[in-house]
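Please look through the sequence and the structure shown here before reading on. The paragraphs below then lead through some parts in turn.

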Amino acid sequence: MRWSGQSVGDAAPGLFGMAGLVRSVRTPEFAGMTFHEVLAKSALNRVPAASAMPFEWTVNPYRGCSHACVYCFARNTHTYLDLDAGKDFDSQVVVKVNVAEVLRAEVSKPKWSRQPVALGTNTDPYQRAEGRYQLMPGIIEALSDSRTPFSILTKGTLLRRDLGMLVAAADRVPVHLAMSIAVYDDELQQRVEPGTPTTAARLATVRAAADAGFDVDVFVMPLLPYLTDTVDHLDRAFAAIREAGAASVTYGALHLRPGAKEWFLQWIDREHPQLSARYRAMYRSSSSAPEAYRRWLKERVSVIKRRHGFSGKPGFERMRSAPALKLAPQPTLF
Ligand code: SF4
């Protein structure tokens, strides 16, 4: 076991309602973090049929995420473990130490359908703990050896460590890579995503993956009303993404599910109190931004995307000449 001697106690099975818990670990290298090492019984999760997600299977080596994005939609899942959706989500991370072995056994079964598997849809597989636990290489090998297509969405620059493996895997199965980069203002980025690598570091990772031959999708989401939806911010974002060699861009407005909503609104009250009333009005009755806002945002982003040569279709597109910007001013919606 890694970090022997730094365990904070062999936890009783069933702690946090989680069978398979082996021990909890703290180390000076990860100040303020506790890792709960568990032996998982299964690795593949089936996405509920009612979900709008474009994949049926996911693998999540970690629960909780040290990237600590204030808006993270997965926060509420920590309450299932008797942990809270705020600070605990950021600092108490469950590590499925045997996930690669279990996954290999699952995808080796004759009945395995080899449907695409998505990583990074709940918590980030390249969060800081991955530097120590190194679960992703085994996962990549298991999927690739079983001829299972897969995708990875991350904010972690640690992805670069595995690029060679991913290139080899892509010779055997379709592999899709996406990097999430929502904020192109360094100060705001560190405040709203305090545990993440910088925007510049993530753009450099996009460049490295593109140079390795991948058509990288950049997720510009969530866009934060009144903070990152300005023409200036979007223009800088799309220019930087284009410069980094991304093939396509996916964007979306802030979505505030229960758990994330309370945590995010506390942050807004602290950091941007002038926006408190507007955010509360926007997200009073729904997790989604109002339809009028989303329509307005779509119109604005579409123009700026085209201006930077992204048509919205996946795959690398040639830079087009930049048309003059004709954009509607932001309406006072709330
Ligand atoms: S990187 Fe993803 S999973 Fe991790 S805190 Fe941020 S939004 Fe959540």
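For sorting residues by class, Ala, Val, Leu, Ile, Met, Phe, Trp, Tyr, Cys and Pro count as nonpolar, Asp, Glu, Lys and Arg count as charged, and the others, Gly among them, count as polar. By these classes, the shell around the ligand holds five nonpolar, three polar and two charged residues. Its members are C65, H67, A68, C69, C72, F89, N122, T123, D124 and K155. A residue is near a molecule or strand if one of its heavy atoms lies within 4 Å of it.

This is a predicted model, in which local features need pLDDT of at least 70 and side-chain atom pairs count only at pLDDT 80 or more, while totals for chains, interfaces and linings use all residues. Residues are numbered from 1 along each chain as its sequence is written, and side-chain values use heavy atoms, with hydrogens and water left out.

Now the protein as a whole. It has 11 helices and 11 strands. Helices (H or I, at least four residues) and strands (E, at least two) are DSSP runs, numbered from the N terminus. Of the 334 residues, 52% count as buried. Buried means under 20% relative accessible area, exposed means over 50%, and partly exposed lies in between, with a 1.4 Å probe and protein chains only. Contact means heavy atoms within 4.5 Å. Among contacts between residues at least 6 apart in sequence, 72% join residues at least 24 apart.

Next come two helices. Two packed helices are described by the angle between their axes and the distance between the axes. Helix α8 (residues 231–243) packs against helix α11 (residues 291–307) at an angle of about 35°, and the axes are 9 Å apart. Axes are lines fitted to C-alpha atoms, for helices over the stretch in contact, and angles run from 0 to 180 degrees between N-to-C directions. The crossing of α8 and α11 is right-handed. A crossing is called right-handed if the near helix is turned clockwise from the far one by less than a right angle, and left-handed if anticlockwise. Which residues make the contact between α8 and α11? From α8 they are V231, L234, D235 and F238, and from α11 they are R300, V301, I304, K305 and R307. By class, the residues of this contact are five nonpolar, no polar and four charged.

Helix α8 also contains R242. R242 counts as buried because its relative accessible area is 9%. The side chain of R242 reaches the backbone oxygen of H308 at 2.9 Å. This is a polar contact, a pair of N or O atoms within 3.5 Å; within protein, one must be able to donate a hydrogen and the other to accept it, and residues adjacent in sequence count only if both atoms are side-chain atoms. R242 and R207 are 35 residues apart along the chain, and their C-alpha atoms are separated by 9.8 Å.

Another arginine, R75, is in the loop between β5 (62–63) and α1 (87–91). Is R75 buried or exposed? R75 counts as buried because its relative accessibility is 0%. Its side chain reaches the backbone oxygen of A85 at 2.8 Å. Leaving out residues up to four places away in sequence, R75 touches A68, C69, V70, A85, G86, F89, D90, G259, A260 and W263. A68, C69 and F89 are also among the residues that surround the ligand.

The loop between β5 and α1 also holds D82. D82 counts as exposed because its relative accessibility is 64%. Most residues other than glycine have a negative phi, and most peptide bonds are trans. D82, which is not glycine, has a positive phi near 65°. R147 is likewise not a glycine, and its phi is positive at about 60°. R147 is in the loop between α4 and β8 (150–154), and it is partly exposed, with a relative accessible area of 42%. The peptide bond from M221 to P222 is cis, with omega near 10°, and P222 is in strand β10 (residues 217–223).

Two further buried residues remain. P137 is in helix α4 (residues 136–145) and counts as buried at 18% relative accessibility. Beyond its neighbours within four places in sequence, P137 is in contact with E130, R161, D162 and M165. P137 and D162 are 25 residues apart in sequence, and 6.8 Å apart in space from C-alpha to C-alpha. N98 is in the loop between β6 (92–96) and α2 (99–107), and it is buried, with a relative accessible area of 15%. Residues up to four places away in sequence aside, N98 touches V38, L39 and A40.
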